[in-house]
Amino acid sequence: MSSEKFVIGVDYGTDSVRSVIVNANSGEELAASVFYYPQWKKGAFCDPEKNQFRQHPEDYVAGLESTIKECLEKAGPEVAAQVKAISVDTTGSTPVAVNKEGTPLALLPEFKDNPNAMFVLWKDHTAVKEAAEINEHATKFETNYLKYVGGIYSSEWFWSKLLHILRADESVRQACYTWVEHCDWIPFLLTGGNNVDEIKRSVCSAGHKSLWNAEFGGFPPEEFFVSLDPLLKGFPSRLSSKTYTSAEQAGVISAEWAERLGLSNDVVIGIGAFDAHMGAVGGQIEPYYLSKVMGTSTCDMLVAPADEVEGILVDGICGQVDGSIIPGMIGMEAGQSAFGDAYAWFKNVLMGPFKQLVAQSSIVDAETAARLLEEVEGKIIPELSKQAALLPVEEYGEYAIEWLNGRRTPDANQALKGAFLGLDLGSDAVKMFRSLVESTCFGAKKIVDRFNEQGVPVKGLIGLGGVAKKSPFIMQMMADVMNMPIRIHKSEQTCAIGAAMFAATAAGIYPRVEDAMAAMGQGFDAEYHPNPERVAIYAKRYAHYSEAGHAIEGLLSEEVHA
């Protein structure tokens, strides 16, 4: 045991945080723990009708301590004594207002219940107006500051969210010293940071969401932001122009956190990154293979050697950044704003009246009713999938457009809405669900088409995440629609495992991330191949989907400008 080395990967998702302890020599997972955010679970500080989704830093801190301590308890003291490093991934862009010490404002008594002082979750779209202003403003400059983020800035990202919060809340504006991504704040917390000017920001978050690029000397100049809105004065200058890859160290664990967690004082803390970027590494990404992390949304990651894609700028994606996934390669990100969330929405539509009727029923007691609802809710999607798989694939019938949370890529537009088309009196829940799943697969194909059209060939697909592991129906349809195989990674925790691989690299156990992937990777346990007969029909349906999407986008555009 004394010769073995262990690392911890921490993965902050939308609903929960999970930690894993991994043997750095073999990749064996020794222990895992999940913590569901209690305030988020209650729906606190969120307003879906306004597209407002905020998370309290208290949930993040409690989850960090709870999951790591539970993992260490499961693994035992001998393992705890040999933990060498911790690395963290988070959702993104999920930034927060902090004071000079780097404390999120919501952790201060006067802001503890103020949503604007909390982390603005990736799926928060309250900054649609600000994103549109940034896009229009960027056209006024000789330098194209948007060229490395696909040419379109999103309401899901760093600067649009900051500007929205500054405009919306004077008290937060007065107290906010700077704006920090979740993936950068957790390592700062673990290393005992107390001066936010010294925070080490990741090239992943800075390059994909904050307009950082080495070509610009860092972030765009202050003039770019102040001429957009004077409220942004000072914010660019308080962001260091230096960024770091996730193979590097943020520092070592603070004495306070070492004691809280029961770890030694020399545990290395790695630079953080976004979940899908570390998940791609945990899923053993290969050059030109699209690594699809499929959960509530999707993040589609692709890496390519810098010299092979030099001069290529892919329009409408979420950025291409040197070293954001694997140091030495260009990391490219795309994705869909709603994937699993789209299925969850449909489930909630079906469950809504049923929940009300059960709650009002006098036939069963409250405890039995709650148990019944939980059981039914857990079975709806699997049953819909089972029945939908039996339906014949025909050129015409029900169609759906999956923009229920706007469109992330290609060509970000969070003002777009979802739709169902071709409904008649024969349409039922199964047919509608099937068309919704199909639309998410069609949306995924749009991303592959964009890469291929603009000179970055997609040679294969890697499926990661909960949907990839749990739904053969959806994965088979994905292979049919894409007309290419999709391999499913064995690990159910690729993001946390990827974080563990980066932890091992940051600690010097491996010289390169690729070496950590080779030693610690768990491989693949399923592969879906396209059905030639269905491929041809889906190609026709894809054309109809594209026409319908174009028409709906035009209609919504007319409404916006009316």
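**Close-up 1. Ser155 in the loop between helix H4 and helix H5.** In this predicted model, Ser155 sits in the loop that joins helix H4 (128-138) to helix H5 (158-168). Ser155 has a relative accessible area of 2%. Because buried means under 20% relative accessible area, Ser155 counts as buried. Leaving aside residues up to four places away in sequence, Ser155 touches Asp124, His125, Ala127, Val128, Ala131, Ser160, Lys161 and Gln414.

**Close-up 2. The buried face of helix H18.** Helix H18 covers residues 513-520. Which of its residues are buried? They are Val513, Ala516, Met517 and Met520. An α-helix has 3.6 residues a turn, so residues three or four places apart point the same way. Seen down the axis of H18, the buried residues fall within an arc of 100°, so they line one face of the helix.

**Close-up 3. The crossing of helix H2 and helix H7.** Helix H2 spans residues 57-75 and helix H7 spans residues 182-190. Their axes come within 12 Å and cross at roughly 55°. Because of this angle, H2 is oblique to H7. The crossing of H2 past H7 is right-handed. On the H2 side, the contact is made by Tyr60, Val61 and Leu64. On the H7 side, the contact is made by His182, Trp185, Ile186, Leu189 and Leu190. Sorted by class, the contact of H2 with H7 has seven nonpolar residues, one polar residue and no charged residues.

**Close-up 4. The crossing of helix H14 and helix H16.** Helix H14 runs over residues 429-453, and helix H16 over residues 472-482. How are the two helices placed relative to each other? Their axes come within 9 Å and cross at roughly 45°, and H14 and H16 are therefore oblique to each other. H14 passes H16 in a right-handed crossing. From H14, the residues in contact are Phe433, Arg434, Val437, Glu438, Cys441, Phe442, Ala444, Lys445 and Val448. They meet Phe473, Ile474, Met477, Met478, Val481 and Met482 of H16. The residues of this contact between H14 and H16 divide into twelve nonpolar, three charged and no polar.

Note on methods
Residues are numbered from 1 along each chain as its sequence is written. This is a predicted model: local features need pLDDT of at least 70, side-chain atom pairs count only at pLDDT 80 or more; totals for chains, interfaces and linings use all residues. Side-chain values use heavy atoms; hydrogens and water are left out. Axes are lines fitted to C-alpha atoms, for helices over the stretch in contact, and angles run from 0 to 180 degrees between N-to-C directions. Helices (H or I, at least four residues) and strands (E, at least two) are DSSP runs, numbered from the N terminus. Angles under 35 degrees count as roughly parallel, over 145 as roughly antiparallel, 65 to 115 as roughly perpendicular and the rest as oblique. A crossing is left-handed if the near helix is turned anticlockwise from the far one by less than a right angle, and right-handed if clockwise. Contact means heavy atoms within 4.5 Å. Ala, Val, Leu, Ile, Met, Phe, Trp, Tyr, Cys and Pro count as nonpolar, Asp, Glu, Lys and Arg as charged, and the others, Gly among them, as polar. Buried means under 20% relative accessible area, exposed over 50%, partly exposed in between (1.4 Å probe, protein chains only). The arc is that of the directions from the helix axis to the C-beta atoms.
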